[in-house]
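Here is a structure to walk through in questions and answers. Take a look at it before reading on.

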Amino acid sequence: MPPTQKLQASDRRYTIANREALFGISLVVFHFLWWFGFAYGLGSKEVDEYTYILGFPAWFFYSCIIGFILISLLVFIIVKKFFVNIPLDEEESDI
Amino acid sequence: MNWEATLTLFLTVGIIFIIGLYASKRQMGSTNYMQDYYLGGRSLGGFVLAMTMTATYGSASSFIGGPGVAYNEGLGWVLLAVIQVVTGYFTLMILGKKFAIITKKYQSVTIIDYLKKRYDSHGVVILSSLSIIIFLFSAMAAQWIGGARLIESLTGLSYTTALFIFVGTVLIYVTLGGFRAVVTTDTVQGIIMFIGTLVLLIAVIIAGGGVENIIQDLKQENPNLISPYGAERTLTPTYVSSFWILVGVGVIALPQIAIRAMSYKSSASLHRALIIGTIVVGFIMLNMHLIGVFARPILPGIEIGDKVMPEIALHVLPTWLAGVVLAAPLAAIMSSVDSLLLLVSSTIVKDLYINYVNPDIEYKRMRRISTGVTAVLGIVVFLLAVQPPDLIIWLNLFAIGGLEAAFLWPIVLGLYWRKGNKYGALASMFTGITSYVIFEQWWQQPFGMHSVVSSLFLSLIAYVLFSLMTKDRQRPYIEI
């Protein structure tokens with residue numbers, strides 16, 4: 001393989017890898033906002049004023065339970081929709 | 001002595017043991033011993049990758065310590081623990097493909113190997129080897145002790161006997177099998193952890209008369225137990241959110257986790273691992289800690305947090321099933337320990353001995369030395385764990401935060417920032433470790449946050465500043 005072509009091939013893979021890392025960062029920031037926002041947005045009032053969903057206090061239900069389900073779903077969507085299959089070493093042809 | 005639980009517990013451990021030995025047999029015929037022993041020949045599929053990440057990360061604290069604290073603090077502690085879902089996707093998304101591509105090019109089989117090729121500096125190799133050996137060795141000893149205590153409390157055997165059984169099992173399959181045996185047993189252990197969590201959760205909810213009942217009982221005892229602030233309202237939002245860093249984002253820098261991000265077979269396995277890993281880690285972390293809280297109205301008045309899990313399992317489940325379910329925390333401890341053992345061994349053999357003592361080592365000798373070092377390490381840890389010295393306990397407190405402070409920026413910025421160089425990496429590691437130890441010792445929770453946050457901030461500044469200041473002294477970094 002001539003060197004220029006090799007460089008281009010790896011550049012393409014790095015562009016993909018960089019883009020996917022940005023997805024990771026965006027997701028982790030969104031995760032934090034959801035988790036923190038619901039926990040203290042709904043949980044900071046008096047305990048007597050809490051509302052309950054399926055027996056759990058609403059803050060906990062949204063922040064922790066729905067939060068976990070939502071993040072799993074987002075990971076699924078991001079991986080299926082936006083992540084690209086690439087070969088990990090040069091010798092391999094496209095998978 | 002509780003015969004029924006003992007029997008099922010050991011039966012489960014025995015099955016794991018046999019699977020580990022079987023995996024090691026398959027390794028005998030391999031050609032590239034180093035890559036195979038320490039990295040499983042980079043052949044992990046998606047499911048195995050997800051499970052080994054989960055099992056390595058989930059340790060004594062996820063199954064014993066954490067739920068014990070949740071028992072005392074209430075839902076606020078579950079909130080703090082559940083952010084560990086991040087570990088399921090973040091490490092693999094950030095290190096992900098780039099790490100696998102680059103370490104393949106560099107032909108690195110350890111984290112230090114990667115740092116060595118990236119920064120081309122003996123200082124970096126030695127400093128990072130020492131951090132791994134010191135911090136992980138202590139972390140390992142602490143897990144050893146936790147494993148033995150669990151066997152002791154469940155079976156009634158003496159602590160030393162329990163420790164002996166525990167260490168013996170782990171040692172045999174790690175020395176014989178290497179990475180592949182470790183990840184294979186990790187997979188079985190991960191499955192046991194998942195199912196054990198599910199069974200115990202259902203049993204606890206039934207025993208407590210349903211979620212609604214349990215929550216109202218908790219509220220009646222102390223309303224703070226169902227608030228996000230902890231039983232004594234001591235968990236501040238700032239403190240809780242700093243765990244997003246400590247047990248979420250920062251986990252990327254733990255060598256035992258990061259190495260798994262270079263061991264998978266193809267990008268398809270990475271994709272599958274992302275999805276499975278997130279679900280499995282989240283499920284275990286959320287529910288294990290919930291079980292801890294739910295145990296409170298069912299079995300009030302447990303004074304030692306570490307006893308909550310064994311006692312609630314024996315209380316709500318038939319004895320034989322409690323033995324199987326409690327194999328989950330034991331599996332978690334074993335799978336953390338075996339990865340740590342292998343990592344410390346690889347640091348000594350691959351990163352120090354071969355680099356500095358004997359670079360032209362022949363295959364047979366290398367193989368003997370790897371096995372020998374792993375075995376000797378295990379025995380030393382055993383001896384330490386029989387009578388744990390205070391130093392080990394003290395160091396273990398620093399292990400996770402210390403490793404994160406040392407490795408986060410050198411690993412991540414090494415991948416994504418071309419201008420990062422060895423001066424930056426050295427400064428960052430040094431600043432990270434020292435500032436972390438200083439914070440922990442003299443100024444706990446600076447600005448209301450866990451001290452790892454401030455240390456990571458300082459080590460980031462050190463990395464960037466020193467890399468920029470010395471950019472003329474070093475040839476520019478070229479991606480191969």
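Predicted model: local features only at pLDDT ≥ 70, side-chain atom pairs only at ≥ 80, totals over all residues.

**A helix crossing and its surroundings**

Residues are numbered from 1 along each chain as its sequence is written, chains are lettered from A and ligands numbered from 1 in the order in which they are written, and side-chain values use heavy atoms, without hydrogens and water.

Q: Which residues of H17(B) make the contact with H16(B)?
A: Contact means heavy atoms within 4.5 Å. On the H16(B) side, the contact is made by B:Leu341, B:Val344, B:Ser345, B:Ile348, B:Val349, B:Tyr353 and B:Ile354. On the H17(B) side, the residues are B:Arg365, B:Met366, B:Ile369, B:Ser370, B:Val373, B:Thr374, B:Leu377 and B:Gly378.

Q: At what angle do H16(B) and H17(B) pack?
A: Axes are lines fitted to C-alpha atoms, for helices over the stretch in contact, and angles run from 0 to 180 degrees between N-to-C directions. H17(B) covers residues 363-386, and the two axes lie 9 Å apart. The packing angle is about 135°.

Q: Which word describes how H16(B) lies to H17(B)?
A: Angles under 35 degrees count as roughly parallel, over 145 as roughly antiparallel, 65 to 115 as roughly perpendicular and the rest as oblique. The angle here is about 135°. H16(B) is therefore oblique to H17(B).

Q: How many helices does chain B have?
A: Helices (H or I, at least four residues) and strands (E, at least two) are DSSP runs, numbered from the N terminus. Chain B has zero strands. Its helices come to 20.

Q: In what order do the elements of chain A run?
A: Chain A has two helices and two strands. Read from the N terminus on, the order is α-β-β-α.

Q: What share of the residues of chain B is buried?
A: Buried means under 20% relative accessible area, exposed over 50%, partly exposed in between (1.4 Å probe, protein chains only). In chain A, with 95 residues, the buried share is 42%. In chain B, with 480 residues, the buried share is 64%.

Q: Which residue of chain A forms a salt bridge with B:Lys97?
A: A salt bridge is a side-chain nitrogen of Lys or Arg within 4 Å of a carboxyl oxygen of Asp or Glu. The pair crosses between chains, from helix H7 (residues 96-106) of chain B to helix H1 (residues 3-43) of chain A. The closest N and O atoms are 2.7 Å apart. The partner is A:Glu20.

Q: Is A:Glu20 buried or exposed?
A: B:Lys97 has a relative accessible area of 3% and is buried. The relative accessibility of A:Glu20 is 2%. A:Glu20 therefore counts as buried.

Q: How many residues apart are B:Asp113 and B:Lys350?
A: Their side chains meet in a salt bridge (3.4 Å, N to O). B:Asp113 lies in helix H8 (residues 111-119) and B:Lys350 in helix H16 (residues 319-357) of chain B. The separation is 237 residues.

Q: How many salt bridges does a search of the whole structure find?
A: Another of them joins B:Arg296 and B:Glu221 (2.9 Å, N to O). Over all chains, the search finds four.
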